[in-house]
Amino acid sequence: MAALDVIVIGAGPAGMAAATEAASHGLRVQVLDEQPAPGGQIYRAIESGRPPSDADADVLGADYWAGRKHADAFRAAQLDYTPGATVWTVAKSPLAVGYLKDGKAVLRSTRRLIIATGAYERPVPIPGWTLPGIMTAGGAQVLLKADGSIPKGRVILAGSGPLLMLVAGQLMKAGADIRGYLETTTKQAYLAAATKLPGALLAGGLLAKGLKMHGEISKSGIPVHRGVSGLKAIGTDRFEAIRFNLGGSEQEIAGDVLLLHEGIVPNVQLTRSLDLAHEWVDNQRYWKPTSGPWGETSAEGILIAGDGAGIDGAEAASASGHLVGLQVATQLGALSADERDRAAEPHLAARKRQQRIRPLLDQLYAPPAETICPSDPQTIVCRCEEVDVAEIRECVRTGSEGPNQLKAFSRCGMGPCQGRMCGLTVAEVMAKELGRSVEEVGYYRIRSPIKPLPLSALAALEADEDVTPA
């Protein structure tokens, strides 16, 4: 089979926009999506629900239901959408993508690759965070979007960030029994963020939305504690209470479900496996692929769109997708540079407007030091292999100088998640122990397969004629 013009990995806001844009210029496009339907995490299940009633719209909000227009445009585009496809490898030369679909492994060649794999929630490794009854706030939101489920029993939310506020409001409107909202953002962070207000005021109403969510929680009657620290989950067989410090005193709230959140970070597993150039974002403590204004990465033919290139939010991700789609169409001769520039104007303006609030959010919701580098030696860092802070420190003392050596010393990062849940924390703990920067310590070396696949599927691999399986 001849090479495709474009393969897009991911069908969230950025992936849908990039694919729709590229296809509109006559390019042959295939979209590989691990989910059963388009929407990504932010617009999960956007097609499966009934047309929103006033009650539905009030629970999930207008921003969620706005995803319908993106999904409708995507469905109307002339492209090959492949849901339920798990990408397990990408080859650079020739450019090809391997994926697993219905137990069958396929290796398809393409002239251009657009990575739109988005972001995921930053792990919050506090003491006791592996107890049953504890999950991320985003995880609870997924269940709410998918089938209207809300956590059973007494719910406590802890951490910081816009998503935590959003989920608290949604669960509150859906009828969840919320017993506490614990915010780790400090007064000092609020004061420091005030200097970023002038730019945020130009962000098209985003600041007003945030202030509204903040106010709704404050006035809800839910116990709200701001500026907390020292979070510790208590329980024997499952979560029973959250313990925390507030104003110099230790307090405790009993509950059945704890939802944690401290922001989101780019999903760099695929870009790391391709050995693309990455850069460190110090104020948010994460890595992101180095990319240009049109999404170009350090590898020819590979572009990136959306939050996988740096956290900007859903609408900015959609604008980014359109820009990347236009660039690919230009590179492949379907558009001239002038045509691209004219078509890009509204998307550039939309992205710039959305990005104006980021300096304020990044300053206000910088992850707490105790989250990025837990001090309690018994805190689990690698959930898959049950490696705690003490074991990582001991490995450093016995000669481990980076995350990749740590794998050999402790199996840290070798479990099913392949380091997604522990990579950032491991680097922070090692950097502190070694007296180096996180940039010097580095990140895991990610190798294919990115996701597991059966050997039987690999043995029966179906590959395009111009691709030689490695």
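**A helix and its surroundings**

Author: In helix H17, the residues Gly-423, Leu-424, Thr-425, Val-426, Ala-427, Glu-428, Val-429, Met-430 and Ala-431 are buried. Buried here means under 20% relative accessible area, exposed means over 50%, and partly exposed lies in between, with a 1.4 Å probe and protein chains only. Helices (H or I, at least four residues) and strands (E, at least two) are DSSP runs, numbered from the N terminus.

The model is predicted, so local features need pLDDT of at least 70 and side-chain atom pairs count only at pLDDT 80 or more, while totals for chains, interfaces and linings use all residues. Residues are numbered from 1 along each chain as its sequence is written, and side-chain values use heavy atoms, with hydrogens and water left out.

Because nine of the twelve residues of H17 are buried, the helix is largely enclosed by the rest of the structure. The expected span of a helix is 1.5 Å times one less than its number of residues. For the twelve residues of H17 (residues 423-434) this gives 16 Å, and the end C-alpha atoms are 16 Å apart, which agrees. Just after the helix, Gly-435 has a positive phi of about 70°.

Most residues other than glycine have a negative phi. Gln-418 has a positive phi near 55° and is a residue other than glycine. With 25% relative accessibility, Gln-418 counts as partly exposed.

H17 packs with helix H15 (residues 389-397) at an angle of about 50°, and the two axes are 10 Å apart. Axes are lines fitted to C-alpha atoms, for helices over the stretch in contact, and angles run from 0 to 180 degrees between N-to-C directions. Angles under 35 degrees count as roughly parallel, over 145 as roughly antiparallel, 65 to 115 as roughly perpendicular and the rest as oblique. H15 and H17 are therefore oblique to each other. Their crossing is right-handed; the term applies if the near helix is turned clockwise from the far one by less than a right angle, and left-handed if anticlockwise. On the H15 side the contact involves Val-389, Ile-392, Arg-393, Val-396 and Arg-397, and on the H17 side Val-426, Val-429, Met-430, Glu-433 and Leu-434. Contact means heavy atoms within 4.5 Å. By class, the residues of this contact are seven nonpolar, no polar and three charged. Ala, Val, Leu, Ile, Met, Phe, Trp, Tyr, Cys and Pro count as nonpolar, Asp, Glu, Lys and Arg as charged, and the others, Gly among them, as polar.

Helix H11 (residues 314-331) and helix H12 (residues 337-355) pack at about 165°, with axes 8 Å apart. That angle makes H11 roughly antiparallel to H12. H11 passes H12 in a left-handed crossing. Residues of that contact include Glu-315, Ala-316 and Leu-323 of H11 and Arg-340, His-347 and Gln-354 of H12. The contact of H11 with H12 has nine nonpolar, six polar and three charged residues. Gln-354, in H12, is buried, with a relative accessible area of 13%. Apart from neighbours within four places in sequence, Gln-354 contacts Leu-206, Glu-315 and Ala-316.

Some backbone features lie in other loops. Most peptide bonds are trans. The bond joining Ser-93 and Pro-94 is cis, with omega about -5°, and Pro-94 lies in the loop between strand S4 (85-91) and strand S5 (96-101). The bond from Ser-448 to Pro-449 is also cis, with omega near 0°; Pro-449 is in the loop between helix H18 (438-441) and helix H19 (455-459). Asp-275, a residue other than glycine, has a positive phi near 60°. Asp-275 lies in the loop between helix H10 (269-273) and strand S17 (278-281) and is exposed, with a relative accessible area of 64%.
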